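Please walk through this two-chain model with me, element by element. Keep the sequence and the 3D view open as you read.

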Amino acid sequence: MDALEMACRYWEHLIHPELQLAELIGLKSSLHPVMVTDAKALYDSFHRDTINNAAVDKRTSLEVRVTKEQLTALGGNFRWVSSERQFADGLTKESARQLLADRLRYGKIKLVWDPTYTAAKRKTVEERNRNMEEHAVTRHEHEEIPTEEINVVRSNEVIKYVDIAQNVKVSENVIARPSHVGHPNFLDYLNGFHNFTHYLNGFNYFLHYHFGMVILLLSLLALEWMPGAEASLLEDNQCPLEEPPLEDMMSSWEIFDFVAIEGFMLWNALIIAVSYKFGQRDDIKKGEEAAEMAEILHKQVEESLQDQHLKMQKCAKEKHDAAHQYMRALSLATGEAESLGELVLEAVKICHRAQRELEQLSAFHPMYKRLWIAKHGTVWHQVEDCHHLQNCSASNVVERVPCSTCACAPQTPFIRNQDGETLLDELGSFVRLVLERDDHPS
Amino acid sequence: MATAFLQGLPQDRKLWVKLPAEALEMLGAPPETRMLLRKPVYGQLDAPRRWYLEAVRRLKDIGLRQHCLDPCAFLMYEEDFAIGRQHPSTSGALGERRLCGVICLHVDDMLGSGNAQSATYQQISNQLKQEFNFREWQEKEDLEYCGASIKVTTDEITLDHQKYMHKVKPMTVEKGQSPEDEMDQKGITQLRGLVGSLQWPAVQSSPHLQCSVSMLSANVTKGLTKSAIDANKLLKFGKENSDVALKYGPIGAVEDLRLVMMFDASFCSRSDGSSQGGYILMLVHQQALGPRIMCGTGNPSSCEELRDLRWPRKLKRQERQWMLLRWLAATGSI
């Protein structure tokens with residue numbers, strides 16, 4: 001409480017430097033401090049209006065009341081959280097220090113209101129673990145994945161062989177350019193190129209066929225053309241400027257021949273034009289279909305890529321979670337093993353002591369002692385010089401040894417189990433075994 | 001600070017010293033020469049005190065205020081300076097008097113922080129350079145202060161001892177020594193040094209080390225080998241988690257800040273049978289506290305009352321819906 005008040009007053013002095021400390025102490029804190037505990041009894045005592053008469057420790061009740069007054073004067077309140085959400089556990093228990101470190105690494109906190117007011121011990125282990133890890137991040141999670149690993153995971157090669165090859169039928173051209181996968185215009189570009197090539201191929205075929213026809217027609221035309229320009233030898237007395245006779249001009253057959261050839265040429269030109277036009281339309285149509293196919297393919301590839309990316313993210317997250325769980329389990333197991341080891345060491349110490357004391361006990365056991373008995377006496381003596389024996393004459397004192405059967409078998413240092421070992425033997429072998437294992441840990 | 005003690009207050013008593021022979025030789029003074037100390041020197045018991053008094057005087061002369069609960073913290077308010085009153089900051093200043101900077105003094109190391117946009121802060125920074133003889137003046141995003149690494153980014157300021165922890169070396173425990181064996185005096189000295197090395201980051205930036213360090217400190221005087229083994233284990237733990245830092249990020253508006261203290265105690269958990277207690281103080285946004293109790297009639301007085309909480313019947317339907325919405329918003333459900 002004092003630390004909290006100190007922090008509040010420290011803050012208030014920053015805001016009101018002109019006020020004296022005595023004046024500051026009378027103010028409520030603008031930080032509205034909150035004290036958080038995981039002790040239900042303390043929380044209930046704090047909020048109870050009367051002093052708990054059932055409380056055995058009256059001093060505690062008084063101190064709770066004083067704390068309540070101080071906190072009220074500060075303008076604060078008192079809250080309860082379940083133990084697994086208690087950050088201060090790491091300040092009082094060594095076993096919780098790793099959790100505190102993980103929580104500090106995460107760097108954020110949120111107090112969650114629990115309407116059921118359920119204590120940690122009434123929750124399941126999974127629920128407790130979930131709450132504990134809610135605001136914690138281990139150092140393994142904190143370490144970023146190296147850039148190389150990201151590249152490997154997201155490389156086109158992995159996508160190409162695992163994803164596309166299995167789910168989408170893709171042409172070799174697509175697979176051959178993995179570096180372009182992911183570029184939005186890549187397949188459009190490819191399909192455009194493909195359509196154009198197809199169109200050019202069809203047009204070339206068209207051109208080759210009709211070009212031959214045109215050459216043939218031109219050859220024929222060269223033979224016949226032009227009737228009007230047909231050369232003829234001049235007569236000796238004929239003037240070069242004189243018009244040739246009419247019969248030398250085009251005959252009707254020649255005119256028909258000319259018209260037929262011209263018509264044939266025009267017809268061929270028409271066929272060329274029409275074929276070109278239809279071929280173009282057909283090519284355009286095929287190009288559009290190919291583009292549609294390419295677009296569908298592109299979408300499938302993209303979907304497949306996204307799907308694969310999500311799968312990989314999920315897989316990576318699962319791996320991280322698994323690693324996290326494993327590390328936490330390992331940490332817990334290590335802690336338990338350490339505490340178990342300490343227990344064993346403690347047990348060995350006790351066994352060692354028991355062994356020593358048993359040995360001492362054995363040394364003083366009547367089995368190893370001679371006895372002296374007065375002939376008419378009712379007791380036996382362990383010490384020959386016992387002053388009771390002094391009263392008897394030497395001839396009346398008889399020396400005896402204990403019976404090896406009745407004096408040994410039923411008594412502790414000599415009781416044997418079914419293997420024939422005494423307690424001393426077993427203790428000794430156990431201590432030796434533990435010490436040997438400690439010296440040579442596997 | 002360069003030669004901080006020599007910048008301190010002059011001696012208030014007469015102190016004569018005998019210089020080393022080499023120094024006398026360098027000065028060309030006869031061997032029987034004695035010199036009068038006019039300023040405190042390193043090694044003199046009251047030298048830090050006289051430096052502190054002089055530093056406080058100079059800082060106060062500049063116009064800084066000394067924090068009443070922390071004599072080594074000095075506060076810079078715009079209202080205290082003419083330039084601050086003429087050119088007040090529009091943002092980044094705290095309180096009515098507009099706190100724009102804080103300087104803390106650790107013997108001869110000075111650490112300051114403030115609103116870089118403030119004209120007052122810039123003027124005082126320049127004035128500080130004139131008042132004190134700084135050996136090094138660092139204005140960078142990554143600096144060392146008293147062994148701690150301070151990193152300033154646009155998102156947050158972090159304080160950690162990662163570099164420091166990597167320099168701490170474990171102590172040697174001879175093979176075959178039983179945990180219950182007693183160490184010799186040299187071993188105990190080493191152990192004391194190691195625990196001290198761990199204590200420094202524990203109290204500065206690594207709360208996760210505090211519990212173990214506290215328990216370990218109590219066992220140092222016993223001088224058992226077990227303490228040395230535990231100290232080495234703790235050092236290993238500290239190195240593994242040295243990336244943990246105290247983070248100071250922008251939380252929100254000043255009026256939304258709340259101070260949270262989580263405290264706990266474990267009964268009879270120390271080796272001598274005493275109990276261990278601890279608390280952690282956090283400055284958080286009020287939303288981190290979640291919703292307040294919705295009853296509106298004060299906090300419940302027992303578990304049973306808390307379980308039996310019901311909506312007050314006097315609330316109207318719209319009010320209940322509004323409260324429910326606020327609660328859902330606060331819990332992050334919507």
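Strand 3 (residues 371–374) of chain A pairs with strand 4 (residues 380–381) of chain A in the antiparallel sense, over 2 bridges. Strands here are DSSP runs of E with at least two residues, helices are runs of H or I with at least four, and both are numbered from the N terminus. Two strands count as paired if DSSP finds at least two bridges between them. A:Trp372 stands opposite A:His381 of strand 4 of chain A. The two strands form a hairpin, with 5 residues between them. Strand 3 of chain A also pairs with strand 5 (residues 397–400) of chain A, antiparallel and over 4 bridges. There, A:Ala374 has A:Val397 as its bridge partner.

This is a predicted model: local features need pLDDT of at least 70, side-chain atom pairs count only at pLDDT 80 or more, and totals for chains, interfaces and linings use all residues. Residues are numbered from 1 along each chain as its sequence is written, while chains are lettered from A and ligands numbered from 1 in the order in which they are written.

Stay in chain A for helix 5. Of the 10 residues of helix 5 (residues 97–106) of chain A, 8 are buried, so the helix is largely enclosed by the rest of the structure. Buried means that 20 or more other C-beta atoms, placed from the backbone, lie within 10 Å of the residue's own; 12 or fewer means exposed, and in between is partly exposed. Among the buried residues are A:Arg97, A:Asp102 and A:Arg103, as well as A:Leu99 and A:Leu100. Just after helix 5 of chain A comes A:Gly107, with a positive phi of about 80 degrees.

Now turn to chain B. Its 4 strands, in the order 3-4-5-6, form an open sheet with antiparallel pairing. Strand 3 (65–66) and strand 6 (109–114) of chain B stand at the edges with a single partner strand each, so one side of each has no neighbour in the sheet. Strand 3 of chain B meets strand 4 (residues 73–77) of chain B over 2 bridges. B:Arg65 stands opposite B:Leu75 there. Helix 4 (residues 119–131) of chain B packs on the sheet and touches strand 4, strand 5 (99–106) and strand 6 of chain B.

How do the two chains meet? In chain B, 52 residues are in contact with 50 residues of chain A. Contact means that the C-beta atoms of two residues, placed from the backbone, lie within 7 Å. Strand 11 of chain B gives the most to the chain B side, with 10 residues. That side divides into 28 nonpolar, 15 polar and 9 charged residues. Nonpolar covers Ala, Val, Leu, Ile, Met, Phe, Trp, Tyr, Cys and Pro; charged covers Asp, Glu, Lys and Arg; the others, Gly among them, are polar. Strand 1 (residues 34–37) of chain A pairs with strand 11 of chain B in the parallel sense, over 3 bridges. A:Val34 stands opposite B:Val260.

Finally, confidence. The model scores ipTM 0.79 and pTM 0.55. Chain B averages a pLDDT of 83, and 87% of the residues score at least 70. pLDDT is the predictor's confidence in each residue, from 0 to 100. Over residues 292–315 of chain B it stays under 50. Where pLDDT is low, the predicted coordinates should not be read in detail.

Technical notes:
Axes are lines fitted to C-alpha atoms, for helices over the stretch in contact, and angles run from 0 to 180 degrees between N-to-C directions.
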